[in-house]
Number of protein chains: 4
Amino acid sequence: MSSTFGTLFKVTTFGESHSPALGGVVDGCLPGLELSEADIQAQLDRRRPGQSALATQRAEEDRVEILSGIEQGITLGTPIGFIIRNRDQRPGDYADMRAVPRPSHADYTYVQKYGLRASSGGGRASARETAARVCAGAIAEKMLRERAGIDIVAWVSSAGDIECAGVDPETISRPRVDAHPSRCPHPESARAMEALIAQAQSEQDSLGGTVTCVCRNVPAGLGEPVFDKLEALLAQGMLSIPAAKGFEIGSGFAGARMRGSQHNDLFIKKGDRLGTRTNYSGGVQGGITNGEPVIFLVAFKPVATIGQPQQTADFDGNPVTLAAKGRHDPCVLPRAVPIVEAMAALVLADCYLRQLQRR
Amino acid sequence: MSSTFGTLFKVTTFGESHSPALGGVVDGCLPGLELSEADIQAQLDRRRPGQSALATQRAEEDRVEILSGIEQGITLGTPIGFIIRNRDQRPGDYADMRAVPRPSHADYTYVQKYGLRASSGGGRASARETAARVCAGAIAEKMLRERAGIDIVAWVSSAGDIECAGVDPETISRPRVDAHPSRCPHPESARAMEALIAQAQSEQDSLGGTVTCVCRNVPAGLGEPVFDKLEALLAQGMLSIPAAKGFEIGSGFAGARMRGSQHNDLFIKKGDRLGTRTNYSGGVQGGITNGEPVIFLVAFKPVATIGQPQQTADFDGNPVTLAAKGRHDPCVLPRAVPIVEAMAALVLADCYLRQLQRR
Amino acid sequence: MSSTFGTLFKVTTFGESHSPALGGVVDGCLPGLELSEADIQAQLDRRRPGQSALATQRAEEDRVEILSGIEQGITLGTPIGFIIRNRDQRPGDYADMRAVPRPSHADYTYVQKYGLRASSGGGRASARETAARVCAGAIAEKMLRERAGIDIVAWVSSAGDIECAGVDPETISRPRVDAHPSRCPHPESARAMEALIAQAQSEQDSLGGTVTCVCRNVPAGLGEPVFDKLEALLAQGMLSIPAAKGFEIGSGFAGARMRGSQHNDLFIKKGDRLGTRTNYSGGVQGGITNGEPVIFLVAFKPVATIGQPQQTADFDGNPVTLAAKGRHDPCVLPRAVPIVEAMAALVLADCYLRQLQRR
Amino acid sequence: MSSTFGTLFKVTTFGESHSPALGGVVDGCLPGLELSEADIQAQLDRRRPGQSALATQRAEEDRVEILSGIEQGITLGTPIGFIIRNRDQRPGDYADMRAVPRPSHADYTYVQKYGLRASSGGGRASARETAARVCAGAIAEKMLRERAGIDIVAWVSSAGDIECAGVDPETISRPRVDAHPSRCPHPESARAMEALIAQAQSEQDSLGGTVTCVCRNVPAGLGEPVFDKLEALLAQGMLSIPAAKGFEIGSGFAGARMRGSQHNDLFIKKGDRLGTRTNYSGGVQGGITNGEPVIFLVAFKPVATIGQPQQTADFDGNPVTLAAKGRHDPCVLPRAVPIVEAMAALVLADCYLRQLQRR
């Protein structure tokens, strides 16, 4: 249902931002794979708040504990349960928000859905929920890397109106992405983003932006016709990330303005396989990978929690002025990078296993 | 799996473009609903090829036959099976394509996936597959309209570089959309699109474009937290349509360039409910509807089949020149309109039933 | 949901006994398999009413038509849609039953579930629904036989209080089962059953009984731990057959009276694999096949429709006397044989594909 | 998949008997329900080893910890994650079993499935896995009791060849069941069972038996036609319990020997609803509840781990003599009672929610 993703590589997550813990279960990981908490912790640390002055200072340690599915460092093929304790619970920060639904947050819609006005922190709508996805994604990534050589890298491709210039998707690497706290791998653009983020923060405002992701060495044949096309599952995965508002694969919206004669990816021989000269398709045709890199872009809205006072209404419709006091990022983009990678890994892991059974 | 969509309102489709028939099964429709083949045929006719000079001339009658699930014009609550016979099968047109994978088609990826080089027409990747979705969508729409007053309208919002000016999502209607064969409801833009499509056709080329869709009177509370957010399911549904390359909801990619202080949808009292002043969220917050119209946009790449000769390669990598002789649309946009509506209806019907059980 | 079965080899069925047609969709069959309507028709003919004096005389031709998923006699790997037209619709026979729920039928429970009192024939509860399962099962069986050498045979092991004596599960074959219309492969028992069925018929009464099924050459490793144990899925599949009231695998209820020292299946070398001396486990241990034959038994209640007058009540609770006039079998057992085989094939096909992806 | 059960009330479990913890996630519980760890602990304590001389002495504390989904004692409608730490890990006991697959255990089949010879304790095949189901079942039961007044009671109805005499399914209660450590509510039968279990233990042997379960106040209309009939889901649930070999509902195997004229449950008015005079159907007709008590029976094989030496073979086929040294129950029946109740609650909770959405 809402908290399970995947058909064969199946992830279920749980946890509120202020519950004792959050965590998840990965069911369907191949047996015989080397896996340790360190494999997961690396990506979790990239998602963690408080990594730099650009991000929120909430001091979560965010240590993953694997509870099952592994023996002597090897996956058993059975469900891998894991948890992360929530240590820094300060519901007090959110106390007076309970009467006022925060604009562009899920406070109002959760009440409409569940009929309950729970204490805040956002419940399952909190960005904190994504920590469990990052753990699951790290497991998926390990399997994809070891068994199929698949390699996934995402980066911040724009923040506000600043675009990241000149990234080569064939060679970009995570160390290059992490070289600057903005996770924009083009140094000059990165510095401009940093300045913009600092400015937004000083104005008690927030920024949106985009993250681009490339998946390399993806074998041809992954993805299903019709409803579970690879790009359809990626779109679901990406739009399920909090604050995501758009997705495009390959040429995307720009492709909608092109002619067929420009846009068609003509075939050429590449070594022992058939490749394409261009990759406007973004590595998929008819929903199935063609062996070219899978490239896609995700748009994130500006962070909804801002320090500026906002003229809004309480649950009863009375006008109120609201100004956030809690901890918040002016820009989620750098921390969204490992989340995008995680969802990409979950989609590919599932499609990889679904295709394995057909051979 | 690949051919089933939905959790409670569940659709399964089947059929190749050149098999004896295509069809589907809708499992989970509420009982006691008036439903006839005419309800379905209306939308199917809007999808049908050969409606105007703008579309392919393949002479499919496309008559739906309901096989089960209805008695005396009333749904029983049991699976509704339906078929559409394929009458105009001319596989000969595709004969010499069998040795050459058509660029930006699924010929190559299907061989990679299934290990079979089937005779053409595209198998499940053919746009013809969408006829079954349109039938299922019409059933979903009927249920949504009768039980919840939900109303769905899509239109062509751009073709190539021509944008449709001035549509009011609160009032736009299907008759207004259908007034021009381009399905662009702004007369001047429509004429410009028509000219552009004619030009592309004369150049044996093709065009892409975008379709916008609005869903009105959607009750608050639909959609699930985490992986099955309403926008995530819509994104999956839309990217599962052949040729779709992008999706955005509400402010979408433009929102990524905005500030939080501009983008937040502030609450105001609207009659007896809480509404928002603006609708940058596109009717969803945290994956759950807030009672405002759900608005989204889908990007379609230009049609891959073009009459112009293309320098490509055969399955063995030998260079060949390919020029399509079969029937093909220069622009799929007008026919994509009912398909987008169908997928929106399927997503909403499923989320509607999933929320019903919580009350 | 209710009308879909399986995770990777996925079957969806539709159709009422008096709708224009019934049918189904098999999604997930491996590509490259030879398959024709004749493969399906053979099993469908074994299920058909009117095969002998022992069964109902409803003259359904029951011809399957494959609509998709096959080209030139080879499966494409895409969904296989199929239908069977209902030609002999005589709802009149059931007319006066509409006001009176037939005892031990689903008339009352369907009204409770759907809130509709539909015209009769039993809707989805009719045994006619199983024709679609038999078609799907025949496809599953073909795949299992061709790709894994799996072989499934069921037979009537008791009717009323007459037990079938002396069947060797290692060698029993369908021709031997079909040698007598009772589908009891032991000639003497078969004659006794025939006499008992004739007697019940003459008394306007009906009989229950049991069907035993053996699946041979099932590779070790099929079935999943925990909820999808092979025996759990078989139990679901069997109890989903109309009139089934019990299921046991291996030693079953008799095993519950044994000691561990008797019941444990001790290992011995069998050729190049490990086998067991006895097979009280029925071919599964911990939910997973061990390479020994999978053997199970299904109990069917006596047919509910009988000619004898019954003192029951109408929907409003008023006492009425009901005596069936419609067509009905005094004993469903012989026709249940191919249905049990079909459900066994569906379960094994799904578990076979689920295990393939792990290798 | 293998570790997830249910469509709307969805349970996922994880954990090996010797992993750091086991646990699960319940997704889909209704919001607004009072729920605490004490509600769960009560049933968990009934499953726990070491309750009496009749059961194994492994000293697990088995304390459940709820990690999410609850705030101030009220369910939020979000996933309820929970864990139980494994404190008493003594893998040494199983050390020499690693080379020899235990007869009628899953050691051999797990190697066939996963290709790994993991250290023992049985992995997911261990009875310890059922602790997580009992937790999930307790949550389901709470929801069913509070929202629909449904009441579930199971008891030991036979151990070896001793049958429990004279239980009235209309009035039997858990305190009455728990009055004797055998969980057989008929005092005389209970004492006979106790003696039989003691005898088996002294002979280093083990016993099987049966558990009967009744679900009262189940509203009419639960269960789905075709594959997800209530009895089909119950059968799956029960056969998924370790050591279960058979299932029957209502008249079951005895019903197969009856005539229709005896077996049909004739309708009579019961207060303001239609009831039946007899309940051979076991509360379901056509897969859907009819408002009468749901009654079913589960057969369990004798415990496979016995102290007696057994002549078996190691993984390479060499003959060996094996005698268990680890901790083991001579009879699992008393501890199976809360597990059967848990699986019944999970099935009913799912069917209850699936029916809610139709209203």
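I looked up C:Phe247 and found it opposite D:Phe247 in β11(D). Strand β11 (residues 244–249) of chain C and strand β11 (residues 244–249) of chain D run antiparallel and are joined by three bridges. Strands here are DSSP runs of E, at least two residues, and helices are runs of H or I, at least four residues, both numbered from the N terminus. Two strands pair if DSSP finds at least two bridges between them.

The model is predicted: local features need pLDDT of at least 70 and side-chain atom pairs pLDDT 80 or more, while totals for chains, interfaces and linings use all residues. Residues are numbered from 1 along each chain as its sequence is written, and chains are lettered from A, with ligands numbered from 1, in the order in which they are written.

Next I checked the contact between chains D and C. I found 90 residues of chain D in contact with 90 residues of chain C (C-beta atoms, placed from the backbone, within 7 Å). Helix α6 (residues 230–239) of chain D gives the largest share of chain D's side, six residues.

Then I turned to helix α5 (residues 187–202) of chain C. Its 16 residues should span 22 Å at 1.5 Å a residue, and the end C-alpha atoms are 23 Å apart, which agrees; the expected span is 1.5 Å times one less than the number of residues. Among its buried residues I noted C:Met193 and C:Ile197 (buried: 20 or more other C-beta atoms within 10 Å of its own, C-beta atoms placed from the backbone). The buried residues of α5(C) pack against β8 (151–159) and β9 (162–163) of chain C. Just after α5(C), C:Gln204 has a positive phi of about 55°.

Terms used. Two residues are in contact if their C-beta atoms, placed from the backbone, lie within 7 Å. A residue is buried if 20 or more other C-beta atoms lie within 10 Å of its own, exposed if 12 or fewer, and partly exposed in between; C-beta atoms are placed from the backbone.
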